[in-house]
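Please look over the sequence and structure below.

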Amino acid sequence: MAASTMPDMSQEGGGGRPYRVGLIGTGIMGTNHGIGYMLNPRTEIVAVADSDSQNLERFSRRFGITSTYASYEEMFSLETLDIAAPILPARPNPDAVIAAARAGIPAVFCEKPICDSLEEADRMVAEINSRGVSWAAADAMRNLPQFWQVKEMADSGELGPVRSINIYLGVGDGRGEIWGANCQDLSVARLFADDADVDWVVGWVRGDPFDDVDQAMGGYIRFENGVECFINMRAESMRGIEIVTEKGVMFSDFNKFRLWKRTDMKGETPQIDDLVEVTDAIPEAGLNEMPYDERGWRYPGNRMRESIQAIVDCLELGVPPRCSGQNMAKVLEIIVALRESHRRGHAPVKLPLEDRSLRVEPLPYRWINRREVFGTERYEELMSGHIKEDG
């Protein structure tokens, strides 16, 4: 891929052979991930698997992959891989992640949502943990270095400890889903709460609380370390996340970042004038910059770039994933608990939840194959967007 209109990644990463990637699922998101791996100098897609023969043929032709398989089981049995990348709907995802771990592949990077039930999440976590596998989940906002920069400012004392977190969701935000879309917000919130376990929550949903389908939610989360998180479901003029620390405030719409530091208070209580904006402290994420290069490939975005680099860092540096599957399992439990609170008359719900059969079913296009949901014409239109004049 030419680098003339895309970020130059040729100098990133360490030396040695590229990490061998086996990608599962060659559809819309699978192709985005494929471009991300192709852009990273430390990764090479050596094999792909998909039960959809049309997508498999198209992917192998576009990317020049000769080792193709109708099942991931066959691919795992015949290929030596460093990274397994199951980019699948939520329904088949757990079995693929577990199969990759059992195959002895050291790193797994799947998409979100990881599953539908606490029981399935527990099954994945247990298998991954027992085998010491690095498990990353989602092309995630939590992988953006800007959030880690702010976290370091808090941890170092520059901003001081995090006290409160505010998540602002617009009325129509996230297409009426929290597990499928706004798990991004909760994942970032967990980062700023030091990934502490949750003590209790109070919550509500937009629709029927006794429906298991994914839907918009609001509420309050009390982490065991005392950090508070408020989910504002009807923040019509706001969208993003606000981190309130002992000495400052950061707000981000997940693309741009604004930072204020508190000066010496002029009175007994903080006033708005006590907060002074620090301009240009945190660079823009550039999430909307997705140009086509001279060959016609569309850049999959800076978030994808950082997500791919995060799984590379797991292998290269021995660090945990920035957005792990274990983290997403915790996010699912928070979401289930918010809904359970509504079911119980908005009573506080303690975590962990005892009933592990509780579930949140993702919206159809995240739960099953998108071709089935969108129809062939619309699906093929979306598939054509990865590269211009695909021949």
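## Aromatic pairs

The structure holds 10 aromatic pairs. One of them joins F63 and W297, with ring centres 4.9 Å apart and planes at 55 degrees, a tilted arrangement. This pair links distant parts of the chain. F63 sits in helix α2 (residues 53-63), while W297 is in the loop between β14 (275-277) and α8 (302-317). The two are 234 residues apart. Both F63 and W297 are buried.

Elsewhere, F147, F192, F254 and F257 form one aromatic cluster. The model is predicted, so these details rest on a prediction.

## Nonpolar cores

The largest nonpolar core has 86 residues. F76, I114, F147, I165 and F192 have the most contacts inside this core. Helix α9 (residues 325-343) gives the most to the core, with nine residues. A second, separate core has 26 residues, including Y19, L39, L56 and I311. In soluble globular proteins, nonpolar side chains tend to be buried together.

What does I114 touch, leaving out residues up to four places away in sequence? Its partners are A90, N93, P94, M124, W135, A137, W179, G325, M328 and A329.

## Helix α5

Helix α5 covers residues 118-131. Its 14 residues should span 20 Å at 1.5 Å a residue, and the end C-alpha atoms are 20 Å apart, which agrees. The buried residues of α5 are L118, A121, M124, V125, E127 and I128. They pack against α4 (93-102), β6 (134-137) and α9. After the helix comes G132, with a positive phi near 65 degrees.

E127 pairs with R131, and their closest N and O atoms are 2.6 Å apart. The two are four residues apart, about one turn of the helix. An α-helix has 3.6 residues a turn, so residues three or four places apart point the same way. R131 has 43% relative accessibility, so R131 counts as partly exposed.

## Salt bridges across the chain

The structure holds 34 salt bridges. Side chains of opposite charge can pair when their charged atoms come close. R17 forms a salt bridge with D82, the closest N and O atoms being 2.7 Å apart. R17 belongs to the segment before β1 (19-24), and D82 to the loop between α3 (72-78) and β4 (83-86). These partners are 65 residues apart. D82 is buried, at 11% relative accessible area.

K330 and D197 also meet in a salt bridge, 2.9 Å from N to O. K330 lies in helix α9 and D197 in the loop between α7 (183-192) and β8 (198-205), so the pair ties together parts 133 residues apart in sequence. K330 is partly exposed at 35% relative accessibility. D197 is partly exposed too, at 33%.

Some residues join in a network. D212, R339, E340, R343 and R344 are linked by salt bridges.

## Model confidence

The protein chain averages a pLDDT of 93, and 93% of the residues score at least 70. Residues 1-13 fall below 50. In the model, this stretch has 34 contacts beyond near neighbours in sequence. Where pLDDT is low, the predicted coordinates should not be read in detail.

Terms used
Residues are numbered from 1 along each chain as its sequence is written. This is a predicted model: local features need pLDDT of at least 70, side-chain atom pairs count only at pLDDT 80 or more; totals for chains, interfaces and linings use all residues. Side-chain values use heavy atoms; hydrogens and water are left out. pLDDT is the predictor's confidence in each residue, from 0 to 100. Contact means heavy atoms within 4.5 Å. A nonpolar core is a set of buried Ala, Val, Leu, Ile, Met, Phe, Trp, Tyr and Cys residues joined through side-chain atoms within 4.5 Å. Buried means under 20% relative accessible area, exposed over 50%, partly exposed in between (1.4 Å probe, protein chains only). A salt bridge is a side-chain nitrogen of Lys or Arg within 4 Å of a carboxyl oxygen of Asp or Glu. The expected span of a helix is 1.5 Å times one less than its number of residues. Rings of Phe, Tyr and Trp (its six-membered ring) pair if their centres lie within 6.5 Å; planes under 30 degrees apart count as stacked, over 60 as edge-to-face and the rest as tilted.
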